[in-house]
Structure formats: C-alpha cells, structure tokens
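Here are my notes on this structure. Keep the sequence and the 3D view open as you read.

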Amino acid sequence: MTTLNQPRLSALVEARYSPRAFAPTALPDGYAALLLEAARRAPSGGNAQPWRFVYAEKTRHPEVFDKLAETLTGNNRIWAPTAPMLVAAFAQDLNAEGKPIGSARYDCGAALAWLTVQAQELGLYVHQMGGFDRQNLVEAFAVPQGFVPVTISAVGYLGHPDSLPEDLRERELSRTGRKPLAEIAFTGSFNS
Ligand SMILES: Cc1cc2nc3c(=O)[nH]c(=O)nc-3n(C[C@H](O)[C@H](O)[C@H](O)COP(=O)(O)O)c2cc1C
C-alpha cells in the first residue's frame with residue numbers, strides 16, 4: 001500500500017528566523033562560498049544580476065569584518081559582531097550607461113533570500129539589518145556610483161539567548177508574528 005506524504009512547508013522555511021544570539025563559532029571551509037553561490041543563482045530582471053556583496057569572515061578577514069561592523073548602528077552594534085560572518089549587499093540601481101535598473105533592489109532582496117535558505121540548509125542563520133550608516137559604508141569600501149547599500153547581514157550558528165543583554169534577550173525569546181494569509185493574499189480584488 002502506498003502512503004501519500006502530506007504536503008508541508010519546507011523545513012528550511014519553517015526553521016528560519018532572524019536571531020540576535022549568535023555563537024562565535026567560525027564557519028567551516030567552503031561555507032561562505034556556498035552562501036554566495038546560492039545568491040549568485042537567484043533570478044533577476046533581464047538577468048541583470050544587479051547585486052554585489054562585500055563579505056568578511058571574522059577569522060579570515062578580520063580587518064574587513066571590523067570595517068563592516070563599525071558601520072552598524074544602534075543595537076545592531078551590540079549583537080551582530082558576535083556572528084562569524086557579515087555580508088553587505090548592494091543593489092546596482094544604474095547600469096553602465098547610467099540607465100536605471102528598475103528591479104535592482106527587488107533582485108538584490110531575492111539574492112539575499114536565496115543566501116538565507118542556503119544558510120538554513122547548512123544549519124546557519126541569517127539576520128539582515130537596515131540599521132547601518134550608509135555613507136560610512138560607501139566610503140569605507142569605495143562603492144562606485146550606481147550602487148546602493150541595501151542590508152548588512154549577520155550569518156552564523158545560533159548562540160544562547162543568555163549571551164545577550166536583558167532587553168535583547170527578551171526580544172530573542174519572543175518570535176515576531178505574521179499577518180494572517182487572508183490579509184495578504186487574494187484570489188480576486190484586494191480584500192476578497
Ligand atoms: C530590509 C531589512 C532590514 C532589517 N533591519 C534590521 C535591523 O536593523 N536590526 C534588526 O535587529 N533586525 C532587522 N531586520 C530583521 C527584521 O526585524 C525581521 O526580519 C522581522 O522582524 C521578522 O522577523 P524574523 O526574520 O525573525 O521572522 C531587518 C530585516 C530586513 C529584511
């Protein structure tokens with residue numbers, strides 16, 4: 001007798017969240033390349049691939065890591081530098097002729113989503129941050145005209161919530177909610 005498996009949400013999607021408590025454990029050899037390879041394979045409008053990444057592993061590229069960490073602002077400065085890897089993502093808003101690439105930020109987000117799912121596959125977690133000093137980042141890494149910083153992501157293994165200051169620990173232990181499906185997906189016009 002054959003038994004049909006119930007369709008289910010991907011375990012990678014189910015497990016994903018954005019932690020603040022990271023273990024300081026370094027990534028094994030080759031993991032960073034796999035994450036970036038997943039991002040590289042994301043779809044993009046006209047296959048423009050309008051994304052660029054500046055990344056650093058703390059043990060392998062300590063100076064670049066510190067430069068990235070120094071651009072973080074607010075609470076991000078407290079928890080994110082414990083992670084073993086930081087990745088800054090840039091969208092190419094203008095092509096070589098100076099014409100806008102309309103889907104650049106969308107595509108850059110898609111690449112980050114692929115990187116995030118690949119991270120889950122490897123037992124890693126990704127926490128994206130918009131809280132960083134854009135001007136500082138652009139200057140520190142000589143970002144060319146036409147490229148805009150989108151996020152900096154902390155990547156690593158889960159740490160223990162007790163490693164965080166109390167206010168951040170409380171947030172770590174309460175998962176962020178989601179809007180009900182009926183509020184965001186419709187089969188006809190909005191709200192139907
Ligand atoms: C574009 C973007 C910017 C974000 N900026 C920050 C940030 O600066 N600091 C932070 O702690 N989390 C940041 N987050 C994480 C979100 O707060 C988080 O994804 C959201 O609350 C949903 O929680 P979850 O990812 O754990 O499901 C950001 C996420 C995205 C996609």
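1. Which side chains meet in a salt bridge at 2.0 Å, N to O? They are arginine 60 and aspartate 29. Keep in mind that this is a predicted model. By the rule used here, a side-chain nitrogen of Lys or Arg must lie within 4 Å of a carboxyl oxygen of Asp or Glu. The count by this rule is six salt bridges.

2. Why does this pair tie together parts that are 31 residues apart in sequence? Look at the loops. Arginine 60 lies in the loop between strand E1 (51–57) and helix H3 (62–69), and aspartate 29 lies in the loop between H1 and helix H2 (31–40), so the pair links those parts.

3. Now step back to the whole chain. The protein chain has eight helices and four strands. Read from the N terminus, its elements go α-α-β-α-α-β-α-β-α-β-α-α. The C-alpha trace spans about 60 × 50 × 35 Å along its principal axes.

4. Next, the largest pocket. The space in it is about 470 Å³. Its lining has 21 residues. Arg16, Tyr17, Ser18, Thr176 and Arg178 are the ones that lie nearest its centre.

5. Which elements each supply at least two residues of that lining? They are helix H1 (11–15), helix H5 (104–121), strand E3 (125–129) and helix H7 (166–173). H5 gives the largest share, five residues. By type, the lining of the largest pocket divides into six nonpolar, eight polar and seven charged residues.

6. Turn to the ligand. How many residues surround it? The number is 14. Arg16, Ser18, His127, Gly130 and Thr176 are the closest. Arg16, Ser18 and Thr176 were also named among the residues nearest the centre of the largest pocket.

7. For glutamine 128, a backbone N or O atom lies 3.0 Å from a nitrogen atom of the ligand. For glycine 130, a backbone N or O atom lies 2.7 Å from a nitrogen atom of the ligand. Arginine 178 uses its side chain: a polar atom there lies 2.8 Å from an oxygen atom of the ligand.

8. How much of the ligand does the protein bury? Taken alone, the ligand exposes 620 Å², and the protein buries 62% of that. Helix H4 (76–79) and E3 are the elements that give two or more residues to the shell around the ligand. E3 provides the largest share, three residues. The shell divides into three nonpolar, eight polar and three charged residues.

Conventions. Residues numbered from 1 in each chain as written. Predicted model: local features only at pLDDT ≥ 70, side-chain atom pairs only at ≥ 80, totals over all residues. Heavy atoms only, no water. 1 Å grid on protein atoms, 1.4 Å probe; cavity = no way out; pocket = protein on both sides within 12 Å on 5 of 7 lines; lining within 4 Å. Points joined across faces, edges and corners; volume = space filled by probe spheres on them. Nonpolar A, V, L, I, M, F, W, Y, C, P; charged D, E, K, R; others polar. Near = heavy atom within 4 Å. Polar contact = N/O pair within 3.5 Å; in protein donor to acceptor, adjacent residues only side chain to side chain. Areas by Shrake-Rupley, 256 points an atom, 1.4 Å probe, with all protein chains shown as cover.
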